Amino acid sequence: MTTASASPSPDVARQVQATVDAIVRRGLVGLEYISLEDPQVGSTPKDTIHTDGSMKLYHYRAQTDEVYRIPLLVVTSLVSKPYILDLTPGQSMMEFLVQQGYDVYLIDWGVPRNEDSSLRLEDYALSRIPECVERVLEDSGETEINLLGYCVGGSLALMYMGTHPEAPVRNMACLTTPVNFKGMGLFSQWTDERYFDVDRIVDTLGNVPGEILLSAFDMLRPTGRLTSPIQVLDRIRDDKYVKSFMMVDRWAADQIPFPGEAFRQMVKELYWKNAMLEGTLELDGRPVDLSGIDVPMIHAMAEHDHIVPYEAAKPALERVGSEDTEEVVLRGGHASLVAGGNAMYRLWPKLDQWLSVRSI
Amino acid sequence: MSTNETSAPDFSEAWRQWATQSERQWNEFFNQMMGTEEFSQSLGRNLDVFLHFQKTMNEAMGSFFTAMNVPTRTDVLALGDRMLAIENRLAALEAQLSAALANAPAGGAASKAARPKRTKRPAGGSEGGSSN
């Protein structure tokens, strides 16, 4: 009698059976993703048209008969490798943009080498971005560009725009770009001026090692390493999700060092003084005047971004002088805003809608 | 008839909710703990210890390699710097060569011909983002 009441109902048994079957099947396919030593990332066809030290400027090969007139220059983050924007065929923002008919260029800052530890924010905003802009104009034969910045890449693009009122930029798109560094949550807490000896870090280590940065990112979501596999298990039947999760997870662990002097400046000027928000940031004696930026601008942010929270990114549009602005807050996190299954249905079409009419 | 049937409990949904809630609670707990001044202070102190250790190690290893007549890390990095200078000179030469080829009558024409026209215009309302 008791055995009968303890037996699972046929519905439950079927559900369990289906889940186990899926796990076994996924186990085989999933193992493929997990065991990929060198997954295909950043594979949208492109040419390197300019280099400067470890920096490379790529031009993506057109995949359409016609392209939009205004080329698009993408400024990637200094904190991570740029292939989050060109993750894998079918899940790549660069591939999407090229297939929509944009003439896309991308700045890859490269993996900082020891000699890059002397690079300052000036080297990026006053030297390397302008030289890439020049190179894009030269290569495309156009007189203006559209600019897109992701994460700290967006901050660097804003610094460039804020110091170059004459910049040949027609429109600007920022993706989860921090401006208010007091809003950076635990990062601003941990870099407390009283306890965080940034001079000693940079003087001793040169570049800030990727391992230290990775630990800091992991500490923002301490349970992440434990719960991530659970999330995969939960959506084990969703092929696309599992693949995209594995790729994004791999990217997140593929942490690069941060150039030492630029790190020192970021901590002192941006975290301690919040100089970008306060309008007191100067690069090589030139004030970064965000209010002087008057081009149409869109800023897309992620609802659950634990790396660049909404409070840190939101003021970007408030500080610029542009009249034509649009703020977009989409579901997802810092990486899933731009890559993976969610991005292709949320951010990319939105970006295309906004950019297409402004690229002719 | 079917309205009288009791549906089977959705264990996976209950488990999902539990996992999500637990994750949120644990993260909140740890974040609160790590958001205190004491934590920042202790983090700074640990970092100082690590940096002191690193500096001492670097110095000791440097002396050791010098005594063994083996190049130190600094020597290897100096070689890296010289290689970088060569790389940059090569890149500059490459850029000049590309520019010269592009400006040459035949090369310039060929490269322009290979490029698609810059005449694309946005399609009507429904096209945006449809390719994926």
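Trainee: Which residues touch the most other members of the largest nonpolar core?

Mentor: A nonpolar core is a set of buried Ala, Val, Leu, Ile, Met, Phe, Trp, Tyr and Cys residues joined through C-beta atoms within 7 Å. Buried means that 20 or more other C-beta atoms lie within 10 Å of a residue's own; 12 or fewer makes it exposed, anything in between partly exposed, and C-beta atoms are placed from the backbone. Here the largest core has 103 residues, and A:Leu73, A:Val74, A:Val104 and A:Val338 touch the most other members.

This is a predicted model, in which local features need pLDDT of at least 70, side-chain atom pairs count only at pLDDT 80 or more, and totals for chains, interfaces and linings use all residues. Residues are numbered from 1 along each chain as its sequence is written, while chains are lettered from A and ligands numbered from 1 in the order in which they are written.

Trainee: What is A:Val74 in contact with, leaving aside neighbours within four places in sequence?

Mentor: Contact means C-beta atoms, placed from the backbone, within 7 Å. For A:Val74 the partners are A:Leu85, A:Val104, A:Tyr105, A:Leu106, A:Ile107 and A:Leu148.

Trainee: What pLDDT does chain A average?

Mentor: pLDDT is the predictor's confidence in each residue, from 0 to 100. Chain A averages 89, with 91% of the residues at 70 or above.

Trainee: How far apart are the end C-alpha atoms of helix α4 of chain A?

Mentor: Helices (H or I, at least four residues) and strands (E, at least two) are DSSP runs, numbered from the N terminus. The expected span of a helix is 1.5 Å times one less than its number of residues. For the 20 residues of α4 (residues 121-140) of chain A that should be 28 Å, and the end C-alpha atoms are 27 Å apart, which agrees.

Trainee: Where does α4(A) bend?

Mentor: The bend at a residue is the angle between axes fitted to the seven residues ending there and the seven starting there. In α4(A) this is about 30° at A:Arg128, with a proline, A:Pro130, following within four residues. Just after α4(A), A:Gly141 has a positive phi of about 75°.

Trainee: How many residues of α5(A) are buried?

Mentor: In α5(A), 12 of 12 residues are buried. As for chain B, 2% of its 132 residues count as buried, and it has four helices and zero strands.

Trainee: How many residues of chain A are in contact with chain B?

Mentor: There are 47, meeting 38 residues of chain B. α16(A) gives the most to that side of chain A, with five residues.

How values were computed
Contact = placed C-beta atoms within 7 Å.
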